[in-house]
Amino acid sequence: MTVHVGHVSQTSEGSQEMKPRSEIVASELLREIGAVLRLSETEAAALGDLPETPEEDQTMVINMGPQHPSTHGVLRLMLELRGEEVLRCKPVIGYLHTGMEKQAEQLSYLQGGTNVTRMDYASPLSNELVFSMAVEELLGISNDIPERAQWMRMLLVELNRMASHLLFLATNGMDLGAVGMMIYGWREREEVLRFFQKVTGLRMNHNFVRPGGVAADLPAGWRDDVLRLLESIPGRLDEYDLLMTGQPIWRERLQGVGVLTPTEAVALGATGPILRSTGVEWDLRRNMPYLHYDQVEFDVLVGQYGDSFDRYAIRLNEVRESMRIVRQIVELMPSGPYRVQNKKVTPPPRARIDESMEALIHHFKIFTEGFRVPEGEVYVGIEGPRGEIGCHIVSDGSAAPYRLHIRPPSFVNLQSLPHMLRGCLIADAVAVTSSIDPILGEVDR
Amino acid sequence: MTDDAEAPEERVPTRYGCPLTQRFGQDVIYVDRQRYLDVLKATADDGYEMCLDVTAVDYLKHLERWLPDGVERHRFEVVVNLLDMKAGRRLRVNVAVPEDDPSLPTLFDLHPGTEAMEREVFDMFGISFDGHPDPSRILMPEDWDGHPLRKDYATGEIPVQFKAGNAR
């Protein structure tokens with residue numbers, strides 16, 4: 001470890017790994033438990049989590065990951081076990097850290113979408129949307145975005161929510177031994193991605209939602225494609241119900257496992273299906289509507305017990321709710337321009353460049369320097385499939401963000417893992433980790 | 001809660017005794033480091049029950065940024081995003097943190113969910129949080145030197161053929 005004396009960047013602040021029980025102080029342990037469970041230290045001590053003397057230490061610390069298949073990427077869980085019981089857990093992250101927030105400071109606002117879309121690679125369009133909304137807020141054009149662009153964004157984001165939850169259902173099934181489910185979930189997701197490929201040209205990492213609107217109009221025949229999708233998926237969701245929801249083994253593995261209370265969820269900053277599974281009715285689409293979510297009908301699904309089964313059931317049924325929203329969007333989709341008619345933000349159509357000198361200049365300026373964004377600081381949050389995705393941008397008036405920060409829902413939700421795992425069996429650790437549905441790309445950024 | 005909305009117009013509007021701005025329709029208060037914990041406690045009592053995000057900005061190259069009158073100007077600014085779920089409102093708390101003593105008290109006891117976020121801020125900016133239960137790095141390796149999101153931390157580059165360094 002390197003410590004630079006007299007240099008501001010002292011980096012030796014201790015090990016990231018979990019210390020064995022015999023080496024920690026009682027107050028450290030009790031503070032962490034007490035703060036989250038909202039207990040005093042005396043009450044926390046009564047839970048019997050006190051560290052033991054080295055001779056009596058019957059616990060073992062094992063690593064799950066970072067290459068364990070059920071950790072959904074490169075998540076490393078350090079589990080402290082007494083027999084098969086998990087006493088403590090510490091997620092160690094950072095294995096996928098590639099400095100995307102630093103890189104964002106080098107990329108212009110037009111290029112920024114390519115960066116943020118790679119953070120949560122299971123719901124790239126939500127990330128692009130929140131970035132675009134934040135930039136539009138800074139530019140002061142958020143009220144000028146054409147109707148068609150708004151509805152297209154909603155269509156894509158809802159389809160993306162379906163794809164993301166289908167991916168969750170696939171991996172959740174796989175983690176719990178319903179291996180067939182993995183194939184089914186991927187199959188349905190692939191059909192959604194095929195539609196994305198038709199619209200955006202790519203299955204993932206679209207960079208399609210851009211500041212000022214979307215990159216291109218919907219292709220001819222999109223309505224039929226969406227309707228075909230909406231026809232094929234409900235029957236398959238019913239199959240999932242048959243395969244998993246009603247099965248005693250499935251229920252045994254999930255019900256009452258990894259319970260989180262509403263108070264804990266709020267204290268830990270958990271959002272999305274994890275918060276809703278505890279019974280807290282909070283969905284930004286309903287409570288603080290953006291785009292046109294106030295014009296469509298849908299239900300916010302909440303659980304009752306805050307366990308892994310509730311989280312599974314919420315996601316399964318959110319696919320159905322998203323389909324309900326998509327069906328309304330197909331009905332309501334207006335015609336018109338799909339990006340804002342502001343030459344400083346929107347590149348001119350390719351055909352105009354051959355005719356107009358001014359269009360050529362705008363095109364050149366936008367793709368070399370990029371457009372300048374007025375000075376300011378803004379935070380925008382939307383409801384992604386995993387919870388609140390926030391985008392905090394500071395602009396210094398230049399063509400690239402001075403600072404871009406994405407509030408990744410998985411990163412924050414992952415903190416609830418140690419509290420869900422307290423007292424679980426090690427086999428449940430897989431089920432609980434899976435039910436958080438973390439995407440390590442956005443955890444580490 | 002001390003909401004001086006009825007204060008004379010020429011005065012800067014305040015909330016919790018701190019200057020309040022509402023640019024882009026977003027409520028932002030600028031808090032002194034000394035009053036940071038007290039104000040955060042007041043906001044929690046006032047209904048801002050969830051702390052969504054803790055992050056920071058290094059204003060090294062943008063020190064002359066716009067700030068309301070009477071707000072201290074420092075190199076770092078820690079940004080805390082709060083959410084009131086009952087009233088459906090957000091509040092952003094900005095705290096200036098000086099370069100020579102980059103530290104703040106931790107919010108862990110108030111909002112345990114800030115544990116990982118504060119570790120990230122420490123990791124990326126070198127701002128330490130006094131009283132944090134686990135002040136280790138979170139994203140970078142534990143023996144890493146420096147704090148990558150500081151503005152004086154070079155991005156570094158690898159030579160790419162046929163592409164001059166993108167000098168922006």
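Chain A is divided into domain 1 (2-92) and domain 2 (100-444). These bounds come from an automatic or database domain assignment. This is a predicted model, in which local features need pLDDT of at least 70, side-chain atom pairs count only at pLDDT 80 or more, and totals for chains, interfaces and linings use all residues. Residues are numbered from 1 along each chain as its sequence is written, chains are lettered from A and ligands numbered from 1 in the order in which they are written, and side-chain values use heavy atoms, with hydrogens and water left out.

**Inside chain A**

Domain 1 of chain A brings 24 residues to the contact with domain 2 of chain A, which brings 23 residues. Contact means heavy atoms within 4.5 Å. Between them, the two domains of chain A bury about 2,000 Å², with 68% of it on carbon and sulfur atoms. Buried area is the accessible area (1.4 Å probe) that two parts lose on being put together, summed over both.

How many salt bridges cross the interface of domain 1 and domain 2 of chain A? The rule finds zero. A salt bridge is a side-chain nitrogen of Lys or Arg within 4 Å of a carboxyl oxygen of Asp or Glu. Three residue pairs are in polar contact between the domains of chain A, both residues at pLDDT 80 or more. A polar contact is a pair of N or O atoms within 3.5 Å; within protein, one must be able to donate a hydrogen and the other to accept it, and residues adjacent in sequence count only if both atoms are side-chain atoms.

On the side of domain 1 of chain A that touches domain 2 of chain A, at least two residues come from each of α1 (26-37), β1 (60-64), β2 (76-82) and β3 (85-92) of chain A. Helices (H or I, at least four residues) and strands (E, at least two) are DSSP runs, numbered from the N terminus. The largest share of this side, five residues, comes from β3(A). By class, this side of domain 1 of chain A has 15 nonpolar, four polar and five charged residues. Ala, Val, Leu, Ile, Met, Phe, Trp, Tyr, Cys and Pro count as nonpolar, Asp, Glu, Lys and Arg as charged, and the others, Gly among them, as polar.

**Between the chains**

Chain B gives 69 residues to its contact with chain A, and chain A gives 66 residues. The area buried between chain B and chain A is about 5,400 Å², and carbon and sulfur atoms give 52% of that. Five salt bridges are counted between chain B and chain A. One of them joins the side chains of B:E120 and A:R445 (3.1 Å, N to O). Polar contacts between chain B and chain A number 23 residue pairs, both residues at pLDDT 80 or more. The side of chain B that touches chain A takes at least two residues from each of β4 (50-58), β5 (76-84), β6 (89-97) and α2 (115-125) of chain B.

Buried means under 20% relative accessible area (1.4 Å probe, protein chains only). A:S164 is found in helix α6 (residues 147-175) of chain A. A:S164 is buried, with a relative accessible area of 1%. Beyond its neighbours within four places in sequence, A:S164 is in contact with A:A122, A:P385 and A:R386.

| Residue | Phi | Relative accessibility |
|---|---|---|
| A:N207 | near 50 degrees | 13% |
| B:Y16 | near 55 degrees | 4% |

A:N207 is in the loop between α7 (179-200) and β4 (209-210) of chain A. B:Y16 lies in the loop between β1 (14-15) and β2 (18-21) of chain B.
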